[in-house]
Amino acid sequence: MWPFHAPGSIRLRLTLQLLTGAAVMALVLFLIVYSFARQIGAESQDRILSASATSILDATTVQSGNISVDIPYSAFTMLDNSVDDRVFYRITQDGEGLTGYDDLPSARQDQGTGPAFDTVTYRGEELRIATLTRRVSVGGTPTRIDVTVGQTRDAQADVLARILRMTVLLGFGFFAASALLAILAGRSTAASLSRLAESVSRRGPQDLRPVVAEVPSEMRPLVASLNSLIARLSAALTRTEDFIAEAAHRVRTPLATVRAHGENTLRRVSKEENRVSLREMIRAIDESSRAAGQLLDHAMVSLRADQLELSPVALRPLVADLVDRLRPVAELKDMDLRFEASEEQEVMGDTILIQNAVRNLLDNAIKYAPPETPIDVALTRDEATATLTIRDQGIGFPATGADALTGRFARGENATGVIGSGLGLTIADEVARAHGGTLTIANTEGGPGACVRLSLPLR
Amino acid sequence: MRAFISSLALILSALPALAFEIEENVQFPAANQTAELRVISTADADLFAPFITAFQALNPGIAVDYYVVSSSEIMVALQDEGERFDLAISSAMDLQIKLANDGLALPYRSGATGSLPEWAIWRDRVFAFTQEPATMVLSRADFADIDLPRTRQELITALRDHPERFRERIGTYDVRESGLGYLFATQDGRTSETFWRLAQVMGGLQTQLYRGSSDMIEDVASGRIAVAYNVLGSYAQVREDLHDRIHIIAPEDFTTVMMRTVLIPANAEAPEAAGRFIDHLIETAWTEGGGRFAFPGITPARLSENASLRPIQLGPGLLVYLDRLKRRQFIEEWEAAMVQPG
């Protein structure tokens, strides 16, 4: 896995690339400084050797036909240094040794007169030598004087070792500083990404405004794409809600018109078999209207449950209101709809969803229980939950698979005689789940009828 | 016949050992001897004996074979003859530096050598352990009625004013014979032109030439000569029996200070014991009261308290006057000044 091309972490990749760059730079810096120092060191030794040889050459004179060399004291003291390098010298006349160390080699390879330098091994040690040449005339005869001064290179090695240590430290310091910067750069790059992610995920469910966070220019296309996606999503959601409202309007209104016509016709028709047919028709229209309402409810619940918006909801007036509204329907079947609530109970939730759930549960009870039976609606609470219990005295749920009834379009085996969509319990269950509550369905213990409990966490 | 040949062979093989001139040989035996140090030195044995005894007390089992030679003989023994010695102790700093520069000395490092200041050590091979000034030793009798000269200039004046008193009664080193005398003379000549004027005056008064300080001091004390120039002050100081007859004067214009040095020759056979000897030498010399043996030890305060002290620097500069041509020229000049027909 080569980290540079791995799709892993941007921060890691960036940091590694910068670190590699820093290491290469540190190495280059080290090599440049070291070789430069080495060159300077060699040059300064050469200069001193050359100066020493020059001072000796300057003290070389011709006296009464003889070469006389009066080596100045400073010629050698200038070569003195902290590590006490060894010093050797040799003075020759036309190649013949005049004085000094007779076996010391000369650095002169050519016939020039400028200083010549060489590095030789002499008496077991590496020696830097400088040779200077001067031509003098002895009694009219031209003759050549060579002065060679040599010095061991311990001081230079010593200085180089110190510079080496210094340069290594410098290189490491440079690398460490660069590494720190690389880590910071990696971190700040990753930080601007995670800031964006955080600002997006922190939004409320209804918040589909475009992202306006300040981001580096490289991330602006990403934000633009994100904003365009949000805009499209927002438009789609709006369209869906509009469609639901439109569909509910368009389906319910004609059905209500058809039903009104049916009832008018029923009043005018006197033939019994026609009246029966008309009543069947009106009933079917009611069922259709109810099913359409439930389908739309379900769609609404699915949509709103995905983006739940919580606000305090007072349960008692909500349930009381629904009970009052459905009482006329119950009374058509001579059913007594009884509601009792101990005290005020407030939950956090979506009012429309909870209304939907409760209405569907009451509707179910009225629909599936036999006429002339009471329906008890009770609102109770314990420590953390509010529970709405609806009991009827009807046929109850089948003994097996009560839980399966909350599935979409599922209907009890024993409910075949009643027309229904099978969506009521599904809607209630989805609302309960969306609010972190539960819907439990069971048969009333020790008696006929069903018992449905909707529990929601208290505020 | 056979005995003759073998004895001849013995003589022949013994010959190189005798090629350098030994002035004195003193044995310092040790009970249960474990090592023997062969020391070649320019210092008189009786001056050095207390130190060797102290060393042996601390390091039992090390015998010391002590040879006293002149400083130039050390060069002959170590450089030309390749004689085996474990230590070379010399007052001729230039020759010691040359031995080390030419690779004839072993390096040695220890806690003691590490404590030396940079100017007292060269290349981890040459170690200084004394500071000894070159002084004028004057006879009290001859200077009873003359102002004591404090500088070279005052000495010149005294000599010029009383030529009859000082004719043939001045002594100094024969620089042709004595390495230390050559070192003192070259340093004098390098430091001040006064030296050459003094040499002219001394030469005009038929100066006696000596090979060692001890003889000059004794001759001043005995009255044979009245002035000894460039005498080792340390030798004069220890002759307390003569102090009532001599003045020891460190010239105030400048006093050349020689550092006695020690090194381990390259062909030493007991370098480890030699190292311990050097440690002991340094420790003794560098502590206050280093005068337990004859040589005044170096104390850091000594140099700063007297501005006229000119210590000879250990370094390659000392090689200059060892140059063949340079030496020949210097001696020619010196002879021209000092050795004048009477």
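In strand β10 of chain B, the bridge partner of B:Thr172 is B:Leu209. Strands here are DSSP runs of E with at least two residues, helices are runs of H or I with at least four, and both are numbered from the N terminus. The model is predicted, so local features need pLDDT of at least 70, side-chain atom pairs count only at pLDDT 80 or more, and totals for chains, interfaces and linings use all residues. Residues are numbered from 1 along each chain as its sequence is written, while chains are lettered from A and ligands numbered from 1 in the order in which they are written.

B:Thr172 also stands opposite B:Tyr229 in β11(B). Two strands pair if DSSP finds at least two bridges between them. Strand β9 of chain B (residues 170–173) is parallel to β10(B) (residues 208–210), with three bridges between them. Three bridges also link β9(B) to β11(B) (residues 227–232), again in the parallel sense.

Confidence was examined next. The score pLDDT is the predictor's confidence in each residue, from 0 to 100. Chain A has an average pLDDT of 84, and 92% of its residues score at least 70. For chain B the mean is 87, with 89% of residues at 70 or more. In residues 1–17 of chain B, pLDDT stays under 50. That stretch has one contact beyond four places in sequence. Two residues are in contact if their C-beta atoms, placed from the backbone, lie within 7 Å. For the complex, the predictor gives an ipTM of 0.82 and a pTM of 0.66.

Chain A contains an open sheet of five strands in the order β4-β3-β7-β6-β5, with antiparallel pairing. Its edge strands are β4 and β5 (116–122), and each pairs on one side only. Neighbouring strands are turned by 30 degrees against each other on average, direction ignored. Strands β5(A) and β6(A) (residues 125–138) run antiparallel and are joined by seven bridges. Within this pair, A:Tyr122 has A:Glu125 of β6(A) as its bridge partner.

Another open sheet of five strands in chain A has the order β9-β11-β12-β14-β13 and mixed pairing. Strands β9 (336–341) and β13 (438–443) stand at the edges with a single partner strand each, so one side of each is left without a neighbour in the sheet. The twist averages 15 degrees from one strand to the next. Seven bridges pair β12(A) (residues 385–391) with β14(A) (residues 450–457) in the antiparallel sense. Here A:Ile390 has A:Val452 of β14(A) as its bridge partner. In a regular strand the side chains alternate between the two faces of the sheet.

Helices lie across this sheet. Helix α6 of chain A (residues 315–332) lies across β9, β11 (374–381) and β12, running at about 170 degrees to β9(A). Helix α8 of chain A (residues 424–434) lies across β13 and β14, at about 140 degrees to β13(A). Axes are lines fitted to C-alpha atoms, for helices over the stretch in contact, and angles run from 0 to 180 degrees between N-to-C directions.

Helix α8(A) also packs against α5(A), at an angle of about 15 degrees and with the axes 10 Å apart. The two are therefore roughly parallel to each other. Angles under 35 degrees count as roughly parallel, over 145 as roughly antiparallel, 65 to 115 as roughly perpendicular and the rest as oblique. The contact of α5(A) with α8(A) has five nonpolar, five polar and two charged residues. Ala, Val, Leu, Ile, Met, Phe, Trp, Tyr, Cys and Pro count as nonpolar, Asp, Glu, Lys and Arg as charged, and the others, Gly among them, as polar.

The axes of α1(A) (residues 10–58) and α3(A) (residues 154–201) come within 8 Å and cross at roughly 160 degrees. These helices are therefore roughly antiparallel to each other. Their contact has 28 nonpolar, nine polar and three charged residues.

The contact between the chains takes 19 residues from chain A and 16 residues from chain B. On the side of chain A that touches chain B, the elements giving two or more residues are β2 (66–69), α2 (73–77) and β4 (96–100). Helix α2(A) provides the largest share, four residues. By class, this side of chain A has eight nonpolar, six polar and five charged residues.
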